[in-house]
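Thank you all for coming.

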Amino acid sequence: MRTESPSSDAAPADPVTPKCANADLKAGYRATDAGAGSRFGEITLTNVSDHACALGGFGGLSYVGGDNGTQIGAPASREGSWRKVIMKPGQVAVSEVSESTAENYPAATCKPAEVDGFRVYPPDSYDSQFVRHETTGCASKKVSLLSHHAFH
């Protein structure tokens with residue numbers, strides 16, 4: 001039995017089901033809970049293609065702003081491990097997201113910046129999608145506000 005380390009980014013090859021390409025997927029976000037300086041939600045990837053595809057590993061996630069996709073602050077840290085998921089057309093994969101609020105940090109440390117949304121990279125992809133999510137982030141890369149789990 002083959003095991004994957006939590007830091008591995010690529011899904012193992014599947015001779016039957018092709019990997020999900022960025023064009024096969026539509027990214028979205030839904031808030032789930034909030035409290036005590038934290039917000040929780042889910043990044044979703046919906047298979048919008050007409051075929052099944054395989055998704056596995058961690059995607060990439062960061063805040064963007066400036067109305068031009070400029071990354072704001074540090075990218076999301078990755079938590080947990082992953083497994084390959086076969087997505088039929090219309091199925092949704094989910095990555096749980098935790099956000100600390102910028103107000104938790106001194107302004108001089110955080111360097112507050114307006115955020116337009118998320119840049120979402122599907123696993124094993126160099127292409128990203130934008131998902132609107134207006135908030136305040138920290139421009140300082142020394143402050144990490146985001147963490148997320150692998151898609152499942």
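Grid points are joined across faces, edges and corners, and a volume is the space filled by probe spheres set on the points. Please keep in mind that this is a predicted model, in which local features need pLDDT of at least 70 and side-chain atom pairs count only at pLDDT 80 or more, while totals for chains, interfaces and linings use all residues. Residues are numbered from 1 along each chain as its sequence is written, and side-chain values use heavy atoms, with hydrogens and water left out.

With that said, the largest pocket holds about 160 Å³ of space. Its lining comprises 11 residues, and those nearest the centre are Arg78, Tyr121, Pro122, Asp124 and Ser125.

Asn22 sits in the segment before β1, strands being DSSP runs of E of at least two residues, numbered from the N terminus. Asn22 counts as buried because its relative accessibility is 16%, where buried means under 20% relative accessible area with a 1.4 Å probe and protein chains only. The side chains of Asn22 and Gln129 are joined by a polar contact of 2.9 Å, that is, a pair of N or O atoms within 3.5 Å, one able to donate a hydrogen and the other to accept it.

Which residues have the most contacts inside the largest nonpolar core? They are Ile43, Leu55, Phe118 and Val120, in a core of 28 residues, by which I mean buried Ala, Val, Leu, Ile, Met, Phe, Trp, Tyr and Cys residues joined through side-chain atoms within 4.5 Å. The largest share of this core, four residues, comes from β9. Beyond four places in sequence, Phe118 touches residues including Tyr29, Ile43, Leu61, Val131 and Leu146.

Finally, Gly57 lies in the loop between β3 and β4, and Gly57 is counted as buried because its relative accessibility is 1%. Gly57 and Pro122 are 65 residues apart in sequence, yet 8.8 Å apart in space, C-alpha to C-alpha.

Terms used
On a 1 Å grid over the protein atoms alone, a cavity is a set of points where a 1.4 Å probe fits but cannot get out, and a pocket is an open set with protein on both sides within 12 Å along at least five of seven lines; lining residues have an atom within 4 Å of a point. Buried means under 20% relative accessible area, exposed over 50%, partly exposed in between (1.4 Å probe, protein chains only). Contact means heavy atoms within 4.5 Å.
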